[in-house]
Amino acid sequence: MKTTFLKIILCLVTLGNFQLASAQEEADKFKGLHLNEVQLIGSHNSYKPGIEPALWKIVYKRDSAAALALQYGHISFTKQLDLGLRNLEIDVVYDPLGGIYKNPLGIKLLKNTGVNAEPYDLEDNLSKPGLKVFHIPDIDFRSNHLLFVDCLKELKEWSASHPGHLPIIITMNTKDSNEKSLKQMLPFNKAALDNLDIEIKSVLEDKQLITPDFVRGEFSNLNAAVTAKGWPLISDLKGRFLFVLDETGKKMEAYKNGHPSLKGRVLFVNDKPGSPESAFLIMNNPKRDGEKIDSLAAKGYLIRTRADANTVEARNNDFTMFDAAKKKCRTNYHYRLLFTLYVFSINL
């Protein structure tokens with residue numbers, strides 16, 4: 001099984017090194033191209049170091065299928081970016097006063113079986129107010145950074161050390177419910193969504209961001225800008241970050257509320273093609289939706305798709321989704337999408 005996972009990681013490294021020679025100069029290698037004319041590779045749940053083996057075994061006894069889907073972990077943001085990844089994904093939960101997530105159930109489960117949990121939150125970050133970063137608060141609760149602002153600080157530090165790097169795209173899930181978690185999470189209402197903008201701007205300057213306002217320019221709305229003119233040139237986006245709210249329905253509408261065409265907002269949204277706020281689409285199945293992805297990419301949309309999910313493809317050494325993600329959206333020999341995969345180590 002370990003060999004299977006190693007093949008996935010080697011494939012990623014080879015792809016990264018093929019495209020990206022040095023981060024300081026990489027954006028210059030795509031001179032004349034727009035952002036939606038290159039293919040970027042990334043990771044999913046990029047902040048997640050994995051569940052400690054003793055707790056994972058407890059989860060496996062209760063729900064083996066769920067445990068297998070959770071059995072992975074990532075290296076740090078810095079190491080992922082050093083490999084050539086330019087798309088990350090971060091999950092956040094709302095904790096405006098602090099303290100809600102201080103005592104995860106998983107630590108209690110370990111104690112009940114006589115196992116001492118590995119050190120956790122030694123700096124007491126979970127008592128601080130602000131957005132926290134978890135996959136599943138009670139079970140998959142470990143994070144390379146428990147505070148969202150600390151995620152941003154690591155990214156800012158890496159960027160400062162690698163001037164001229166390609167834009168880094170960060171998709172974000174705002175979690176307020178999960179059937180695997182017993183913890184009652186606060187709803188991600190408009191105030192919580194506003195906090196996304198506030199915390200991002202508290203760390204990153206405007207000149208480090210690709211915002212809807214930046215992309216829209218003089219056009220009447222965001223959709224008109226990307227479908228008529230296209231995304232900005234990579235040469236104009238060097239060293240910047242682009243954030244995307246990976247939500248639909250009420251959360252997306254709440255984020256858009258009061259901000260027509262996302263004016264004044266930091267994040268892009270996954271809205272329906274043709275809507276005023278539509279520029280970035282999330283279409284996670286390149287095998288099923290390949291033709292649709294091709295058609296929409298040709299119109300100027302930037303699209304995130306997936307190369308695998310829940311460790312299923314990796315365990316079966318199955319590259320069909322990976323290959324489909326790479327092959328779709330070729331236009332004039334450039335790729336018009338980015339895709340994510342799992343890069344992980346496993347404890348057996």
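Predicted model: local features only at pLDDT ≥ 70, side-chain atom pairs only at ≥ 80, totals over all residues.

Q: How many salt bridges does a search of the whole structure find?
A: The search finds 18 salt bridges.

Q: Take lysine 175. Which residue does it form a salt bridge with?
A: Its partner is aspartate 91, and the closest N and O atoms are 3.7 Å apart. The pair links distant parts of the chain, 84 residues apart: lysine 175 is in strand β3 (residues 168-175), aspartate 91 in strand β2 (residues 87-93).

Q: Buried or exposed, those two?
A: Lysine 175 is buried, and aspartate 91 is buried as well.

Q: And aspartate 124, which side chain does that one meet?
A: Aspartate 124 meets lysine 102 in a salt bridge, at 2.8 Å from N to O. This pair also links distant parts of the chain, 22 residues apart. Aspartate 124 sits in the loop between α5 (105-112) and α6 (148-161), and lysine 102 in the loop between β2 and α5.

Q: Which residues are on which side?
A: Ile168, Ile170, Met172 and Thr174 are on one side, with Ile169, Thr171, Asn173 and Lys175 on the other. Both faces are covered, and all of these residues are buried.

Q: What joins β3 to β2, and which way do they run?
A: Seven bridges join them, and the two strands run parallel. Isoleucine 90 stands opposite methionine 172 of β3.

Q: What about the pairing with β4?
A: β3 pairs with strand β4 (residues 241-245) in the parallel sense, over five bridges. Methionine 172 stands opposite leucine 245 there.

Q: Now α7. How far apart are its end C-alpha atoms?
A: They are 21 Å apart. At 1.5 Å a residue, the 14 residues of α7 should span 20 Å, so the two values agree.

Q: Which of its residues are buried?
A: Ala192, Leu193, Asn195, Leu196, Asp197, Glu199, Ile200 and Val203 are buried in α7.

Q: What covers them?
A: The cover includes β2, α6, β3, β4 and α10 (249-256).

Q: What caps the N-terminal end of α7?
A: Asparagine 189 does: a side-chain oxygen of asparagine 189 lies 3.3 Å from the backbone nitrogen of alanine 191.

Q: And aspartate 194, what does its side chain meet?
A: Aspartate 194 meets lysine 190 in a salt bridge, at 3.6 Å from N to O. The two are separated by about one helical turn because they are four residues apart in helix α7 (residues 190-203).

Q: How accessible are they?
A: Aspartate 194 is partly exposed, with a relative accessible area of 24%. Lysine 190 is partly exposed with 30%.

Q: Which residues are linked with them in a network of salt bridges?
A: The network links Lys190, Asp194, Asp197 and Arg265.

Q: Changing topic: what is the phi of leucine 262?
A: Leucine 262 has a positive phi of about 60°, although it is not a glycine.

Q: Why point that out?
A: Because most residues other than glycine have a negative phi.

Q: Where is leucine 262 found, and is it buried or exposed?
A: Leucine 262 is in the loop between α10 and β5 (268-269). Leucine 262 counts as buried because its relative accessibility is 0%.

Q: What about asparagine 310?
A: Asparagine 310 has a positive phi near 55° and is a residue other than glycine. Asparagine 310 lies in the loop between β7 (302-306) and α12 (312-315). At 39% relative accessibility, asparagine 310 counts as partly exposed.

Q: Last one, tyrosine 60. Where does it lie, and what does it touch?
A: Tyrosine 60 lies in helix α2 (residues 53-62). Not counting residues up to four places away in sequence, tyrosine 60 touches Ala67 and Leu68. Tyrosine 60 is partly exposed, with a relative accessible area of 37%.

Terms used:
Residues numbered from 1 in each chain as written. Heavy atoms only, no water. Salt bridge = Lys/Arg side-chain N within 4 Å of Asp/Glu carboxyl O. Buried < 20%, exposed > 50% of the residue type's maximum accessible area, 1.4 Å probe, protein only. Contact = heavy atoms within 4.5 Å. Pairing = 2+ DSSP bridges. Expected span 1.5 Å × (residues − 1). Polar contact = N/O pair within 3.5 Å; in protein donor to acceptor, adjacent residues only side chain to side chain.
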